[in-house]
Amino acid sequence: MLFQTFLSQEERRGFGGSYFIEMQYCRLPQGTEIERIVSVDTVVHWKNDSLYIYGDDDSAFVSLYGEIFAGGTYSNLACGGVDLCGINYYSLEQTKRILERVKAAESLSDPVLISWLERSKAYNGFYILGL
């Protein structure tokens, strides 16, 4: 299974420590400046409601989903492919487009990912936080 959820951080640490790519909801309010959203001082890792990808699965994730998740904003305000070593922020509009693309690609329609992305619409988008 590519996407993992955990009931607690103790469970996550028992599974793989900190060797995860973390998909995390952006809890900052709409209208927050992008510089603040992607600041390393803003992001706090290891949320219980995050979606996790085990580090050894990074190549599989990029191979399967890299094109769909391209276009995130990095901490230096550039945009591009998924940066597996840094911050990638996706706005609410990008989130909706990503969700549509995942649903449309039957082979990629992972129910765990779809459910998580559906819930992300209640937030100010989401992050992919690299290893």
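**Salt bridges and ring pairs**

Let me start with one lysine, K96. Its relative accessibility is 35%, so K96 counts as partly exposed. A word of caution before I go on: this is a predicted model.

What does K96 meet? The side chain of K96 forms a salt bridge with that of E93. From N to O, the distance is 3.8 Å. The cut-off for a salt bridge is 4 Å, so this pair is counted. Where do E93 and K96 lie? Both are in helix 4, which spans residues 92–104. They are three residues apart, about one turn of the helix. Now the glutamate. E93 has 48% relative accessibility and counts as partly exposed. Exposed would need over 50%.

That is one bridge. How many salt bridges does the structure hold? Six.

Next, E118. This residue forms a salt bridge with K103, and the closest N and O atoms are 2.6 Å apart. Here the pair links distant parts of the chain. E118 belongs to helix 5, residues 111–120, while K103 sits in helix 4. Between them are 15 residues of separation. E118 is partly exposed, at 28% relative accessibility. K103 is partly exposed too, at 41%.

E118 has a further partner, K121. In that salt bridge the closest N and O atoms are 2.9 Å apart. K121 has a relative accessibility of 37%, so it also counts as partly exposed.

Now the aromatics. How many aromatic pairs does the count come to? Take F69 and Y90, an edge-to-face pair. Centre to centre they are 6.0 Å apart, with 80° between the planes. This pair also links distant parts of the chain, 21 residues apart. F69 is in the loop between helix 3 (58–65) and strand 3 (72–73). Y90 is in strand 5, residues 87–90.

On to W116 and F126. Their ring centres are 5.6 Å apart. Why is the pair edge-to-face? Because the planes meet at 85°, and over 60 degrees counts as edge-to-face. W116 comes from helix 5 and F126 from strand 6, residues 126–129. They are ten residues apart, and this pair too links distant parts of the chain. W116 counts as buried, at 0% relative accessibility. F126 is buried, with a relative accessible area of 0%.

Which residues do the ring pairs link into a cluster? F3, Y25, F61, Y65, F69, Y90, W116, Y123 and F126. Both pairs I showed have their residues in that cluster.

One last contact. The charged end of R12 sits over the ring of W46. The distance to the ring centre is 3.9 Å.

To recap. A cluster of nine named rings includes F69, Y90, W116 and F126. And R12 sits over W46.

Note on methods. Residues are numbered from 1 along each chain as its sequence is written. This is a predicted model: local features need pLDDT of at least 70, side-chain atom pairs count only at pLDDT 80 or more; totals for chains, interfaces and linings use all residues. Side-chain values use heavy atoms; hydrogens and water are left out. Helices (H or I, at least four residues) and strands (E, at least two) are DSSP runs, numbered from the N terminus. Buried means under 20% relative accessible area, exposed over 50%, partly exposed in between (1.4 Å probe, protein chains only). Rings of Phe, Tyr and Trp (its six-membered ring) pair if their centres lie within 6.5 Å; planes under 30 degrees apart count as stacked, over 60 as edge-to-face and the rest as tilted. A charge sits over a ring if NZ of Lys or CZ of Arg is within 6 Å of the ring centre and within 35 degrees of the ring normal.
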